[in-house]
Amino acid sequence: RARATSAPATGASTSDACVGCGGALGALERVTSVRALGGCWHARCFRCDDCGEQLRGVFGGGGEYVVTGKPGEDRRLFHARCYRERHRPTCCVCAACIPSRDGYIHFETTPYWGEISCVEHATDGTNRCDGCRRYEKRGGEEYIAAPDGRTLCLECVQTVVIDTKDAEPLYRDILDFFGTYGLSALGTGGELPPLYLCTQDVINHVDEEEKWHQGRTSQVRGMCVSHVETISTVYRQPTWKPSNAGSVFDVFGQLDMVEHRIPRSTTQKVTAIIVLSCLPRVLFSSILAHECMHMYLRLNGFPTLEPIVEEGLCQLFALLWIERQMASQNATASDAALAAYCCEAIREDPSEIYGVGARLAIDAYDAHGLVRVLDSVRRTRNFPISS
């Protein structure tokens with residue numbers, strides 16, 4: 001969350017120097033000077049940076065003026081009314097000016113998209129797209145509800161991946177992508193693990209049994225399975241519904257849950273890959289690419305790795321895959337924008353394991369390339385040291 005802050009003015013000040021212009025304050029000027037932000041001002045210098053009129057009263061709350069900028073940066077003074085009318089952030093959800101509280105303006109920003117919203121919308125039930133993470137705008141196009149309660153904006157729902165039939169072409173493309181680096185995702189003689197698409201509650205249940213992501217992330221969207229024996233997956237039976245324009249395809253159709261039995265294996269270290277259903281294609285394929293790198297590491301004899309190394313490699317491979325999609329001539333403007341969002345989310349992730357791990361892997365890749373990075377990890381269980 002970002003905010004416009006207010007604090008004492010930049011730099012040290014004395015009673016003999018005006019904070020605004022730096023000029024001396026004479027004896028008579030000290031009598032009429034304004035004391036604010038930790039120093040004294042000529043009355044003529046204490047003016048609104050918008051309308052130019054002299055400021056009076058007190059800072060913040062219900063006072064007359066507000067201050068923008070952080071300590072040590074360029075500070076600006078405004079009448080409260082001027083800032084509210086011309087400079088205060090406007091919420092993208094409710095279109096209201098975001099109010100100040102005790103002189104501070106608190107708001108939430110959506111990464112990459114740059115949208116600003118009231119912090120209350122994070123907890124007041126406002127719909128948020130599970131793909132791009134943008135909020136539903138009041139009075140705008142309504143979001144589409146997925147069967148498990150998540151919502152998608154109309155852009156993301158256009159390329160939604162629902163069941164295994166939708167996902168299989170992407171699975172094959174990602175396996176082929178390994179081949180562009182001279183790698184085999186399945187190792188020597190490995191069998192291709194089946195791919196299943198599941199609802200969020202099923203994935204959460206599987207994660208409790210697999211115990212892989214505990215304490216690592218707040219939401220699990222994909223997994224390499226090695227212990228679970230049965231799993232319920234999504235299967236779509238398309239339906240049609242009438243509309244004013246005739247008959248249109250129902251995006252989600254009739255969804256059934258189909259139970260699959262996954263045989264245990266003493267030799268196969270990955271018995272299935274599961275990914276969250278009902279995500280836009282770009283995001284879905286990035287999660288699948290991430291899980292395919294987990295599969296590669298397990299089926300190609302890599303030693304047990306520290307989470308920051310393994311998750312970093314998987315995030316790197318997901319990033320490389322997305323960047324390839326961005327370069328595709330077939331990418332739509334919407335796909336390219338979502339891909340850019342996914343790339344930024346990987347690069348800027350603040351978490352220690354996924355975020356820091358990704359940045360370490362990216363730095364190693366930039367210096368050595370993917371094959372040499374993987375060779376180093378296999379030998380040393382760590383990223384190569386860049387010279």
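Q: An angle of 65 to 115 degrees between two axes counts as roughly perpendicular. At what angle do α4 and α7 pack?

A: This is a predicted model, so read every value with that in mind. Helices α4 and α7 pack at about 105 degrees. Their axes lie 12 Å apart. That angle falls in the range of 65 to 115 degrees, so α4 and α7 are roughly perpendicular to each other.

Q: Which residues of α4 and α7 make the contact?

A: From α4 come Asp173, Ile174, Phe177 and Phe178. From α7 (307-327) come Phe317, Leu320, Trp321 and Arg324.

Q: Which residues of α4 are buried?

A: Start with the general idea. An α-helix has 3.6 residues a turn, so residues three or four places apart point the same way. Now the case here. The buried residues of α4 are Thr164, Ala167, Leu170, Tyr171, Ile174, Leu175, Phe177 and Phe178. They cover an arc of only 145 degrees around the axis, which puts them on the same side of α4.

Q: Which exposed residues does the face of α4 turned away from its buried side carry?

A: That face carries Lys165 and Asp176. The cover over the buried residues includes strands β10 (160-161), β11 (195-198) and β17 (272-276), along with helices α6 and α7.

Q: Is α6 largely enclosed or open? How many of its 19 residues are buried?

A: Count them: 18 of the 19 residues of α6 are buried, so the rest of the structure largely encloses this helix. The span check also works. The 19 residues should span 27 Å at 1.5 Å a residue, and the end C-alpha atoms of α6 are 26 Å apart, which agrees. Just after α6, Gly301 takes a positive phi of about 75 degrees.

Q: How do I read a core? Which members touch the most other members of the largest nonpolar core?

A: In soluble globular proteins, nonpolar side chains tend to be buried together. Here the largest nonpolar core has 81 residues. Ile273, Leu288, Met295 and Leu313 touch the most other members. Helix α6 (residues 281-299) gives the most to this core, with twelve residues. Another core, of 24 residues, lies apart from the largest one; Ala36, Leu37, Val66 and Val67 are among its members.

Q: With what is Met295 in contact, leaving aside its neighbours within four places in sequence?

A: Met295 is in contact with Tyr171, Leu175, Ala185, Leu186, Pro193, Cys224, Val270 and Ile273.

Q: Is Tyr296 buried or exposed?

A: Residues under 20% relative accessible area are buried. Tyr296 has 4% relative accessibility, so it counts as buried. It lies in α6. Skipping residues up to four places away in sequence, Tyr296 touches Phe178, Leu183, Ser184, Ala185, Phe302, Leu374 and Arg378. Tyr296 and Leu183 are 113 residues apart along the chain, yet their C-alpha atoms are separated by 8.9 Å.

Q: Is Ser285 buried or exposed?

A: Ser285, also in α6, is buried, with a relative accessible area of 2%. Beyond its neighbours within four places in sequence, Ser285 is in contact with Leu170, Ile174 and Trp321.

Q: At roughly what angle do the axes of α8 and α9 cross?

A: Use the angle rule again. The axes of α8 (residues 333-348) and α9 (residues 352-368) cross at roughly 100 degrees and come within 7 Å. That makes α8 roughly perpendicular to α9. The contact is made by Ile346, Arg347 and Glu348 of α8 and by Ala358, Arg359 and Ile362 of α9.

Q: Now backbone angles. Where does Ala95 lie?

A: Ala95 lies in the loop between α2 (80-87) and β6 (105-110). Its phi is near 65 degrees, a positive value in a residue other than glycine. At 60% relative accessibility, Ala95 counts as exposed. Arg133 is another case: its phi is about 70 degrees, positive although it is not a glycine. Arg133 sits in the loop between β7 (115-117) and β8 (144-145). Its relative accessible area is 30%, which means partly exposed.

Q: How many helices and strands has the chain?

A: The chain has ten helices and 18 strands. Of its 387 residues, 47% count as buried. Among contacts between residues at least 6 apart in sequence, 58% join residues at least 24 apart.

How values were computed
Residues numbered from 1 in each chain as written. Predicted model: local features only at pLDDT ≥ 70, side-chain atom pairs only at ≥ 80, totals over all residues. Heavy atoms only, no water. Core = buried A, V, L, I, M, F, W, Y, C linked by side-chain atoms within 4.5 Å. Buried < 20%, exposed > 50% of the residue type's maximum accessible area, 1.4 Å probe, protein only. Helix = DSSP H or I, 4+ residues; strand = E, 2+ residues; numbered from the N terminus. Contact = heavy atoms within 4.5 Å. Arc of directions from axis to C-beta. Axes fitted to C-alpha atoms, helices over the stretch in contact; angles between N-to-C directions. Parallel < 35°, antiparallel > 145°, perpendicular 65-115°, else oblique. Expected span 1.5 Å × (residues − 1).
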